Amino acid sequence: MAGTKDPVLKIEGLSKSFQDVDVLMDIDLAIDEGAFLVLVGPSGCGKSTLLNCIAGLEEPSAGRIQIGGRDMTAVAPKDRDIAMVFQSYALYPRMTVAKNITFGMQVRGASRAEQREALDQVASMLQIDHLLDRRPAQLSGGQRQRVAMGRALVREPKLFLFDEPLSNLDAKLRVEMRAEIKRLHQRLDATIVYVTHDQTEAMSLATEVAVMEAGVIAQRGPPQEVYDYPVNTFVAGFIGSPAMNFIEGCIRTGDGAVEIEIALDGATAALPAQHYPFAGGATDGAEVIVGIRPEYVAGSDRSSDGPAVVLELVPTLVETNGFDQHVNLALGRGEIGGRFSPRERITIGTPLRTRIDLSQMSVFDRESGRRL
Amino acid sequence: MALRGLLYLLLVVFVAYYMLPLFVMAITSLKTLDEIRAGSLMSLPESASLTSWSTAWGSACAGILCEGLQPFFWNSVKMVVPAVLLSTFLGAVNGYALSHWRFRGANLIFALMLFGCFIPFQVVLLPMARTLGMLGLAGSLSGLVLVHVVYGLGFTTLFFRNFYVTVPVELVKAAKIDGAGFFTIFFRIFLPLSPPIIVVTVIWQFTQIWNDFLFGVSFSQAGTQPITVALNNIVNATTGVKEYNVDMAAAIIAGLPTLIVYVLAGKYFIRGLTAGSVKG
């Protein structure tokens, strides 16, 4: 029944509501073996509820969940062949690390020898051998995180579920553990569904990202694709840090050229958009939002082929981080952010020649926010 | 410095105020009857005599039975121990279910249990008597145990529920995924966390049940009366000379177990609290 072509996880028409509130609406999702799917979105978008439904900790209001080709919609969490790592680690406080890791095996009736073997293997993989006799309270945050992962690994499940596992760690440790999770994924070829609100984490870990907004999956795809071709202004604004610049404009299609007219201080500028692959063609007069990532807003010395526009913009704020300068520039009534070379001399209030590279721009419908 | 001195003075006054009755009881119990009649209330006994204690324990007359407090003391023990254990255990299970296995109507049930805490003893006397009669437990120690368990459930459930709501939900989720069921999670994960609240509950229940007089006098009969009822019968005996020294000794004996529980378990109580305060 469970052929190799079956997706490890398949969700069809999943909905969940609490009383009158729809938390998840008609979610469809399928992932293959070895995938690292990151569910990312702002708090309250339903990503954790979706994960809990997959785990069987919440009962969906409608829809079906298959794991490893078997319908698991009504199956208890313990029989779903999953393991889960929680944000608070959820280590059993009165058990030693070893007991924490083998608790599941013990409940399922594995022999002592089996437990011992699995424990040793996982402990050496995660380098927690020396901690096995300690209690969770005696461990640091990073160590607890490892133990929580050990508890999941020892199960050898079809599907790993991670619920914001790094959110309680400090910034440095978070980056370390992130790399470790990624390495673990590569080594074990495990299938993982990972929930986070941190888009950086999503981008760096995922083989596939699903951006969630208000109970639906707004966009799903490889991280680079989601980054380069966001389907709407929500995804565009959520993915990427610093955030994408949004500039309001109007499409002009005179003389066979396609341009987007934007308002400057008392004047207008035209952004060439001939190259942009409008999904439904360009309509003259259509009100749009142009999305340009800060890394495409740079000093005029940086040149490349392709469509671009050079404007004189007034800097209002400069933040330096060593490898570049992040500059806010006044544009029309708003501001845009750009990334300039650290060698460039920038003075607040003095107009700066700014080159805006349009080769990777996105154009959205102003009313619906959808990509054109 | 003056303030500190004043503070200590005030404390000493309060200590004296609270300890004086116990002091008077203790010295009176050690005096002979002649001494009591002759001396003042506060005078120390000339020679401490324990005869009134042995009388109170072994031969004072409670009603028609002149065997002292001893048989009634054991009645109380036989009533208190199972009642405390049962009500504490059931309260723990209730509190665990109400805090981590939210079911439809859980809040209503909890509210009703809380309400049960505020029903005065007197109100339930008659219905309880009927119930015990129908169950065939009227006048028996098991009947008294049942009454105290039922009456204590509201409190014990409240204690445990409020303790368990501080346990992260994710702990239960993790255990469910690990394959543990309702009772496995309770016994393996929640009970090991519970010593501090168990001690609190046991102290509370032991004191309540040991000191109870109304249920004891209402639902017992000759042979099953708890110590509080016997104490009353000894002290309120209307025949013969009033033996104040025996009365005082009997009262101290009747109150001693709760004191001992406080002294012993209070230490573990503090210890449990500090052990639980370590994060993790």
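Reader: What should I know before I start?

Author: This is a predicted model: local features need pLDDT of at least 70, side-chain atom pairs count only at pLDDT 80 or more, and totals for chains, interfaces and linings use all residues. Residues are numbered from 1 along each chain as its sequence is written, while chains are lettered from A and ligands numbered from 1 in the order in which they are written.

Reader: Fine. How many helices and strands are there in chain A?

Author: Helices (H or I, at least four residues) and strands (E, at least two) are DSSP runs, numbered from the N terminus. By that count, chain A has eight helices and 20 strands. Its C-alpha trace spans about 80 × 45 × 40 Å along the principal axes.

Reader: And what share of the residues of chain A count as buried?

Author: Burial is a matter of counting C-beta atoms, placed from the backbone: 20 or more others within 10 Å of a residue's own make it buried, 12 or fewer make it exposed, and anything in between is partly exposed. Of the 372 residues in chain A, 42% are buried.

Reader: How do I read a pair of packed helices?

Author: Two packed helices are described by the angle between their axes and the distance between the axes. The axes are lines fitted to C-alpha atoms, for helices over the stretch in contact, and the angles run from 0 to 180 degrees between N-to-C directions.

Reader: Which residues of helix 2 meet helix 3 in chain A?

Author: Residues are in contact if their C-beta atoms, placed from the backbone, lie within 7 Å. From helix 2 of chain A come A:A98, A:I101, A:T102, A:M105 and A:Q106, and they meet A:E114, A:Q115, A:A118, A:L119 and A:V122 in helix 3 of chain A. Sorted by class, that contact has six nonpolar, three polar and one charged residues. Here Ala, Val, Leu, Ile, Met, Phe, Trp, Tyr, Cys and Pro are nonpolar, Asp, Glu, Lys and Arg are charged, and the others, Gly among them, are polar.

Reader: Now the sheets. In what order do the strands of an open sheet come?

Author: Strands pair if DSSP finds at least two bridges between them. One open sheet of chain A has five strands in the order 15-19-16-17-18, with antiparallel pairing. Its edges are strand 15 (297-299) and strand 18 (334-340) of chain A, each pairing on one side only. Ignoring direction, neighbouring strands here are turned by 50° against each other on average.

Reader: How many bridges join strand 16 to strand 19 of chain A?

Author: Six bridges link strand 16 (residues 308-320) and strand 19 (residues 352-357) of chain A, and A:L311 has A:T354 as its bridge partner. Strand 16 also pairs with strand 17 of chain A over six bridges; there A:T320 partners A:Q325. Strand 17 (residues 325-331) in turn pairs with strand 18 of chain A over seven bridges, where A:A330 stands opposite A:E335.

Reader: What is the order of the other five-strand open sheet?

Author: That antiparallel sheet of chain A runs 13-12-11-14-20. Strand 13 (268-272) and strand 20 (362-365) of chain A are the edges, and neighbours are turned by 40° on average, direction ignored. Strand 14 (residues 287-292) and strand 20 of chain A share four bridges, with A:V290 opposite A:V363.

Reader: Is A:Q127 buried or exposed?

Author: A:Q127 counts as exposed because it has 11 C-beta neighbours inside 10 Å.

Reader: Last one: how many residues of chain B are in contact with chain A?

Author: 17 residues of chain B touch 19 residues of chain A. Helix 8 of chain B gives the largest share of chain B's side, six residues.

Definitions and conventions: Two residues are in contact if their C-beta atoms, placed from the backbone, lie within 7 Å.
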